[in-house]
Amino acid sequence: MAKQDDTNWGKLSALGLEVAVGVALGAVVGNWLDRKYHWDARGTLIGAAVGFVAGMYLLVKEAIKANKN
């Protein structure tokens, strides 16, 4: 029987959490900007999008680093 690769599940879940926290933090800051400047929902949407892009940047950066090893 072949031995399965022992992957680091903690590191993989941390990568997913980075994306989720980025989106959540962007949405919270965007919501605050919406309330402060009386915008409709633009701040929340833009904040969530910026958080998603930042989270994906970190994810891709870690994937490239993992492929080098």
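Helices here are DSSP runs of H or I with at least four residues, numbered from the N terminus. The expected span of a helix is 1.5 Å times one less than its number of residues. The model is predicted, and local features need pLDDT of at least 70. Residues are numbered from 1 along each chain as its sequence is written.

Start with α1, residues 9-37. This helix has 29 residues and reaches 42 Å from its first C-alpha to its last, close to the 42 Å expected. Just after α1, H38 takes a positive phi of about 55°. Then look at α2, residues 42-68. Its 27 residues should span 39 Å, and its end C-alpha atoms are 39 Å apart, so the two values agree.

Now look at what is buried (under 20% relative accessible area, 1.4 Å probe, protein chains only). In α1, the buried residues are L15, V19, G22, G26, G30 and D34. In α2, they are G43, G47, G51 and G55. An α-helix has 3.6 residues a turn, so residues three or four places apart point the same way. What covers the buried residues of α1 includes α2. In turn, the buried residues of α2 pack against α1. Contact here means heavy atoms within 4.5 Å.

Finally, find the largest pocket. A pocket is an open set of points on a 1 Å grid over the protein atoms alone, where a 1.4 Å probe fits, with protein on both sides within 12 Å along at least five of seven lines; lining residues have an atom within 4 Å of a point. Its lining includes N8, L15, E62 and N69. Both α1 and α2 give two or more residues to this lining. The largest share, five residues, comes from α2.

Methods. Predicted model: local features only at pLDDT ≥ 70, side-chain atom pairs only at ≥ 80, totals over all residues. Heavy atoms only, no water. Buried < 20%, exposed > 50% of the residue type's maximum accessible area, 1.4 Å probe, protein only.
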